[in-house]
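Dear colleague,

I am handing over the structure below, together with notes on what was found in it. Please read the notes beside the coordinates.

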Amino acid sequence: MQRAVNMVAQLGLRLQALPLALGRPLSCAQTKILGCDRVKLMESLVVGDIAELRPNQGTLSLFTNEAGGILDDLIVTSTSEGYLYVVSNAGCRDKDLALMQDKVRELQNEGSDVSLEVVDNALLALQGPTAAQVLQAGVADDLRKLPFMTSAVMEVFGVSGCRVTRCGYTGEDGVEISVPAAAAVHLATALLENPEVKLAGLAARDSLRLEAGLCLYGSDIDEHTTPVEGSLSWTLGKRRRAAVDFPGASVIVAQLKGKVQRRRVGLMCEGAPMRAHSPILNTEGTVIGTVTSGCPSPCLKKNVAMGYVPYEYSRPGTPLLVEVRRKQQMAVVSKMPFVTTNYYTLK
Amino acid sequence: MALPVVWSALAGPCLPWPWGLTSSALLSEGKFTDKHEWIPTKNGIETVGISNFAQEALGDVVYCSLPEVGTKLNKQDEFGALESEKATSELYSPLSGEVTEINEALAENPGLVNKSCYEDGCLIKIALSNPAELDELMSEEACEKYIKSIEE
């Protein structure tokens, strides 16, 4: 399996024509937040410094609840078209939509200028070292000027009104293309015309995101994990930490100041792959935690995983045991990403 | 994921490792389970592996978890697992008996299961305790029909 996956198709519900080898009809939900008070709305729900985003810059952020638990992870982009563009997990679609709609109503009742629009587009992910080169053939914009975590609207292979964001879920350079549902099959077909490009399914995507150390909501993070436990403290905006003004902030900021009880870590081992729910033990044989996701790493030819362990076991290099099929295997806490990422940053 | 088809290829006790089986002759005499296991029918010792259908469905095998020699198995007992990128697939014994050998080559080279599922990539050998069980298995033809029926 090649590390450089050239295309992962994440198709909209309407696109029955393309093979649903992915097993799930929809991976991402896309939403627009409009109005002068769109940043105020977003900041009332997420942990990040959204006001500080430059035009067309995006960031990974988290919806949190009052207990400090993560409701979903999402990408928020401040577009130069005058709206916030939000991509979140389709698995949390109803929950996230209700969250955002309730807050819109609340703010509107207070006289704020804000509204929400569900975007009925498909999202195609084109990922890999040659993704930009492949895409450049079909767009007029110079993609060298679209660095990691920036976004632009452009015509792509003849389909107008596509939003191209330089981001992804693989650790490689690449883009996610938001395309009107009716044109998605045409666009996917056009991309696949290039022999460099291949379709890839969820197992391939999962191995890539794991190698890149990226969380899967519902597996590695959920409503019972805080951003600090999830090793996602970097998503907490500097201003927001000081202001303690996001849902669950008092719990979360306290964890930043003090010690957190458990942490999400990377694990590596040889032998049988570690999978979700495998127990993690210390070298004395006491169960101390659980694996939340894992797979064989095609790149490293070892097994990689993520899991939660008590803070005192979370340092990279710490030897541990993981129980796989009733046998205990040696494992070691490892830094993530497991495989060096290749994001296109202008540095 | 329950692995479809483990075949049991009979190698007589006098045949040396590696699994020097003449696959075409053996295949035609082979017996299959609905879990895709095949067994060339011969004397008391059966060689067990997974079918081509199974190895394709599984994807690249990265690790084989096999039982210890001497393990006593009943028909349908889980005797190990094959790990691929996608999933862990349990292996179910097509026959009752005692494990007499395991394919040591798979430790270093688990991909043999994909490359040569009927020969170099077979899994274990079992000394049968109930040879009549062989009659409960499918012939190659019946197995192909079965595969077509489940694919629809």
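This is a predicted model: local features need pLDDT of at least 70, side-chain atom pairs count only at pLDDT 80 or more; totals for chains, interfaces and linings use all residues.

Residues are numbered from 1 along each chain as its sequence is written, chains are lettered from A and ligands numbered from 1 in the order in which they are written, and side-chain values use heavy atoms, with hydrogens and water left out.

Chain B first. It has five helices and 11 strands, where helices (H or I, at least four residues) and strands (E, at least two) are DSSP runs numbered from the N terminus. Of the 152 residues in chain B, 54% are buried, with buried meaning under 20% relative accessible area, exposed over 50%, and partly exposed in between (1.4 Å probe, protein chains only). The accessible surface of chain B comes to about 6,800 Å², and 51% of that belongs to carbon and sulfur atoms; the areas come from the Shrake-Rupley method with a 1.4 Å probe.

Within chain B, strand β8 (residues 88-92) has five of its five residues buried, so it is largely enclosed by the rest of the structure. B:Thr88, B:Glu90 and B:Tyr92 point one way from β8(B), whereas B:Ser89 and B:Leu91 point the other way. Strand β7 (residues 78-84) of chain B runs antiparallel to β8(B) and is joined to it by five bridges, at least two DSSP bridges being needed for two strands to pair. B:Glu90 in β8(B) is the bridge partner of B:Ala81, and a hairpin of three residues connects β7(B) to β8(B).

In chain A, seven of the 10 residues of helix α5 (residues 202-211) are buried, so this helix is likewise largely enclosed by the rest of the structure. The buried residues of α5(A) include A:Arg205, A:Arg209 and A:Glu211, and the helix is followed by A:Gly213, whose phi is positive, near 75°.

Turning to nonpolar cores (sets of buried Ala, Val, Leu, Ile, Met, Phe, Trp, Tyr and Cys residues joined through side-chain atoms within 4.5 Å), the largest has 24 residues, and A:Leu126, A:Val156 and A:Leu187 are among those with the most contacts inside it. Helix α4(A) gives the most to this core, with four residues. Apart from it lies another core, of 21 residues, among them B:Ala54, B:Val61, B:Val113 and B:Ile126.

Last, the aromatic rings. Rings of Phe, Tyr and Trp (its six-membered ring) pair if their centres lie within 6.5 Å, and planes under 30 degrees apart count as stacked, over 60 as edge-to-face and the rest as tilted. By this rule there is one aromatic pair over all chains: the rings of A:Phe148 and A:Tyr343 have centres 4.1 Å apart and planes at 15°, so the pair is stacked. A:Phe148 lies in the loop between α3 (131-136) and β8 (151-156) of chain A, and A:Tyr343 in the segment after β16 (327-334) of chain A, so the pair ties together parts that are 195 residues apart in sequence.

With best wishes
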